[in-house]
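Visitor: I have a model open and would like to learn how to read it. Please show me the structure and take me through its features in turn.

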Amino acid sequence: MEEISLNEYQKLLSQEQPQTVTAQVYDSGNRISPMADTGLDFVFKRKLIQSAYYPQQLQVDQKTDITDYIKNSSKTTTLTQMVGWSKSFSWSANMTISAKWNDAVTQVLGGGWSTTETHLYNSSLTVQPGYQAKLQFTPIYKVVRGDLVGYNYVGTVLERIKNVTIKSPVKLAGGKVQGVVTVVERRL
């Protein structure tokens with residue numbers, strides 16, 4: 001983990017710079033139907049048309065305490081303590097998606113579209129004399145918003161699910177979820 005300043009933390013909170021990314025998946029399961037004369041009535045490919053992409057967005061609603069308050073009753077000595085903790089992370093689309101959209105959503109997320117992982121972390125906490133302090137963790141997710149669209153083989157839109165939001169955690173090297181650890185302290 002890397003320590004950041006309050007200004008850098010506030011910058012992450014306010015970062016809202018959308019980028020455009022498009023994922024396209026061909027669905028061979030609906031390509032041909034023995035009942036169709038032309039094939040124009042069947043979905044040939046499915047795609048997520050993105051209206052916004054946020055590569056790193058703090059998930060403030062998922063902020064959690066990772067320690068209880070640690071008290072330092074001393075008047076002169078600083079207390080430093082190593083803390084081991086685990087955290088589970090979930091990600092999915094903001095709706096129930098039928099199996100036929102699975103490939104389009106999976107391509108955007110880079111994995112399953114409804115998943116939970118648990119990771120173990122270690123941090124140190126320094127408490128000044130006469131204070132108590134605790135650690136909190138806020139994960140960073142990539143967020144994609146847009147419409148799921150199904151097309152026939154000539155490109156005509158046959159179905160559309162509007163305003164889908166898909167979130168998945170930003171991963172560090174080694175697979176852990178990236179986030180911000182904050183120290184909350186107050187006088188005893």
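Predicted model: local features only at pLDDT ≥ 70, side-chain atom pairs only at ≥ 80, totals over all residues.

Visitor: How many helices and strands does the protein have?

Guide: Helices (H or I, at least four residues) and strands (E, at least two) are DSSP runs, numbered from the N terminus. Here there are two helices and nine strands, in the order α-β-β-β-β-β-α-β-β-β-β along the sequence.

Visitor: What share of the residues is buried?

Guide: Buried means under 20% relative accessible area, exposed over 50%, and partly exposed in between (1.4 Å probe, protein chains only). In this protein of 188 residues, 37% count as buried. Strand S7 is mostly covered, with 18 of its 21 residues buried.

Visitor: What does the pattern of contacts along the chain look like?

Guide: A contact means heavy atoms within 4.5 Å. Taking contacts between residues at least 6 apart in sequence, 80% join residues at least 24 apart.

Visitor: Which strands pair with S7, and over how many bridges?

Guide: Two strands pair if DSSP finds at least two bridges between them. S2 and S7 are antiparallel over eleven bridges, and leucine 48 stands opposite leucine 148 in S7. S8 also pairs with S7 in the antiparallel sense, over ten bridges; lysine 142 stands opposite serine 168 in S8. S9 (residues 179-187) pairs antiparallel with S7 over nine bridges, with proline 139 opposite glycine 179. S3 (residues 64-65) is joined to S7 by two antiparallel bridges, and aspartate 65 faces glutamine 136 there. S4 (residues 70-71) likewise has two antiparallel bridges to S7, with isoleucine 70 partnered by alanine 133.

Visitor: Where do side chains point in a strand?

Guide: In a regular strand the side chains alternate between the two faces of the sheet.

Visitor: What is found at the turn between S7 and S8?

Guide: The hairpin has five residues between its strands, and glycine 155 takes a positive phi near 95°. Tyrosine 151 has valine 157 in S8 as its bridge partner. Asparagine 152 sits in the loop between S7 and S8 (157-169). Asparagine 152 counts as buried because its relative accessibility is 2%. A polar contact is a pair of N or O atoms within 3.5 Å; within protein, one must be able to donate a hydrogen and the other to accept it, and residues adjacent in sequence count only if both atoms are side-chain atoms. A polar atom of the asparagine 152 side chain lies 2.9 Å from the backbone nitrogen of threonine 156.

Visitor: Which residues touch the most other members of the largest nonpolar core?

Guide: A nonpolar core is a set of buried Ala, Val, Leu, Ile, Met, Phe, Trp, Tyr and Cys residues joined through side-chain atoms within 4.5 Å. The largest one has 13 residues, and Trp85, Phe89 and Leu125 touch the most other members. Strands S5 (79-92), S6 (114-127) and S7 (131-151) each give two or more residues to this core, and S7 gives the largest share, four residues. Another core lies apart from it, with six residues, among them Leu48, Tyr53, Leu148 and Val164.

Visitor: Is histidine 119 buried or exposed?

Guide: Histidine 119, in strand S6, is buried because its relative accessibility is 13%. Leaving aside neighbours within four places in sequence, its contacts include Trp85, Phe89 and Gly175. The side chain of histidine 119 reaches the backbone oxygen of glycine 175 at 3.5 Å. Its C-alpha is 8.3 Å from that of phenylalanine 89, 30 residues apart in sequence.

Visitor: What separates the C-alpha atoms of glutamine 57 and tyrosine 141?

Guide: These atoms are 5.3 Å apart, although the two residues are 84 residues apart along the chain. Glutamine 57 is in strand S2 (residues 45-58) and counts as buried because its relative accessibility is 11%.

Definitions and conventions: Residues numbered from 1 in each chain as written. Heavy atoms only, no water.
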